[in-house]
Amino acid sequence: MDTLKDPANDRHVKTLKPPPHRPLMKSLMFPDKLKNKPDWKLLKDHLQKEGRVSKEDLYKLVGDCNKLLKNEGNVIYLQDPLTVVGDIHGQYYDLLKLLEPKVGGNPETTKYLFLGDFVDRGSYSIEVIILLYAIKLNYPNTVYFLRGNHECRQLTAFFNFKDECLYKYDQETYDMLMDSFDLFPLACIINSKFIAIHGGISPDLKSLEDIKKLDRYHEPPRSGLFCDLLWSDPVDQDQGNMDGQWKGNEVRGCSWFFGNDAASKFLQKNNLISIIRAHEAQLDGYKMHRWHGGKDFPVVITIFSAPNYCDVYNNKGAVIKFENNTLNIQQFQYTPHPYLLPNFMDIFTWSIPFVAEKVTEMLYNLLQVGDQVDDEEVNEEDIKQFKELTQQNKQFDKQSTTGSNNAKNTEKLKKKILFVANMIKMQKTLREQSESIIQLKGACPDKRLPRGVLTAGKSAIMDALADFNVAKNADIVNEKMPTMAQSPQQSISINKSTNSTTSKTKKK
């Protein structure tokens, strides 16, 4: 494909190849030699170069894949060798790393099970879906998808997948993809001994027949078995102990926490040995919940395959590789990706803070306040200058007939000067730390920075990006299911903890 032209020869980074000029041609995407199947290798390279696929070809790709998905049962049964993948969250360039032979394995020769959460948070969810659908069409008997909690209309509208669809395509394309997600299966039995689901088990889950009876072809509900399979979590306790078998999941705003008692009871009744799930970011890309003791097989295994989640978590990604009835963890690091402004912001919107900086700086210099001004350093001379420059002298004199009014007006002017001083400090922080701020902002679906970051300055921004635990604590508000009427308005606050946790990377 031809790349974008540079007739003015003003491309600043000459070593970076321009993206393809037009969408991939249909004759290349669906070559005759593949009998109307997509050329997934060509697609992979095309999308890696930031190429696009036409709306018509995308519809054909999804429509063909829907025929396969609809015919799969609620519960899939697979045997090893098998690679199990956790959350991807629109991190296309990390997906490419995952599909390498030394990590997850070549899709031509490797059986794959994806546990859901393909979209949201990252900026390349469309590319993830296109590539995985293309691979599944080529290898329908060795590539399988399960539904995650983010494969739904409510979360994709709350986070950024809907925005991505509108930016790259349109509302019709978004609706078409949502209908496709309704077809994803819900669970998988591996080697007749492991149950794989996205979230966790449920009080309403007694046997596998309960999952098989579900009507999955619609938006997930806010409670019940369907919801719990996508949303529930194991309790964060070394022995899996808790009061009772189930506890309301206040972190998610729906579903349950389950502990050792509930998990062991379900596994024993269904002749299974472990629950494999995704749904939670992990520092090492995985977590073994060894609730029966260090030597016993984990009751629950969490796998997370999005390294450096949201570009701020600094975590590893991992996959599970089953072979000859043995289980191994393969970790991998994140892959650099092309830089995009948060929430697909255009350059003009992005530049507004810098324009605002110059405007406030002009006013600031006119006031001759300087960086040294603080709450105790506004004097009568500053007030007098402000009155003159804003042409409020006459009005001020008229309103200053009494000592009380004079004091009130003086206080008002003092606050105005302090406001300008604070504004310029915030604008300087925006300019000097713009890259870090945009990186942090990209992790927030409400398009807002955490409260207090700008006024606290550089140290607060660096702390917010410092490590996995800080990022996870700051982002925890976004783990909740949005309320029916909720829009992304809530900002988050960051409190850097003095305690940090680590987990071993021992393979089993």
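# Helix packing and local backbone features

Helix 3 passes helix 5 in a left-handed crossing, a term used when the near helix is turned anticlockwise from the far one by less than a right angle, right-handed being the clockwise case. Helices (H or I, at least four residues) and strands (E, at least two) are here DSSP runs, numbered from the N terminus. The model is predicted, so that local features need pLDDT of at least 70 and side-chain atom pairs count only at pLDDT 80 or more, while totals for chains, interfaces and linings use all residues. Residues are numbered from 1 along each chain as its sequence is written, and side-chain values use heavy atoms, with hydrogens and water left out.

Axes are lines fitted to C-alpha atoms, for helices over the stretch in contact, and angles run from 0 to 180 degrees between N-to-C directions. From helix 3, the contact (heavy atoms within 4.5 Å) draws on Leu58, Leu61, Val62, Asp64, Cys65, Leu68 and Leu69, and from helix 5 on Ile130, Tyr133, Ala134, Lys136 and Leu137. By class, these residues of the contact of helix 3 with helix 5 comprise 10 nonpolar, no polar and 2 charged. In this division, Ala, Val, Leu, Ile, Met, Phe, Trp, Tyr, Cys and Pro count as nonpolar, Asp, Glu, Lys and Arg as charged, and the others, Gly among them, as polar.

Helix 5 also meets helix 2 (residues 40-48): their axes come within 9 Å and cross at roughly 170°. Helix 2 and helix 5 are therefore roughly antiparallel to each other. Trp40, Leu43, Lys44 and Leu47 of helix 2 touch Glu127, Ile130, Leu131, Ala134, Ile135 and Asn138 of helix 5. The contact of helix 2 with helix 5 divides into 7 nonpolar, 1 polar and 2 charged residues.

Leu24 lies in the segment before helix 1 (26-29). With a relative accessible area of 3%, Leu24 is buried; buried means under 20% relative accessible area, exposed over 50%, and partly exposed in between (1.4 Å probe, protein chains only). Leu24 and Leu42 are separated by 18 residues in sequence and by 9.3 Å in space, C-alpha to C-alpha.

Several loops carry local backbone features. Most residues other than glycine have a negative phi, and most peptide bonds are trans. The peptide bond from Asp80 to Pro81, however, is cis, with omega near 5°, and Pro81 sits in the loop between strand 1 (75-78) and strand 2 (82-85). Asn191, not a glycine, has a positive phi of about 55°. Asn191 belongs to the loop between strand 5 (187-190) and strand 6 (194-196) and counts as buried at 9% relative accessibility. Ser255, also not a glycine, has a positive phi of about 60°; this residue is found in the loop between strand 8 (246-248) and strand 9 (256-258), and Ser255 is buried, with a relative accessible area of 13%.

For the protein chain as a whole, there are 19 helices and 14 strands, and 50% of the 508 residues count as buried. Among contacts between residues at least 6 apart in sequence, 73% join residues at least 24 apart.

Definitions and conventions:
Angles under 35 degrees count as roughly parallel, over 145 as roughly antiparallel, 65 to 115 as roughly perpendicular and the rest as oblique.
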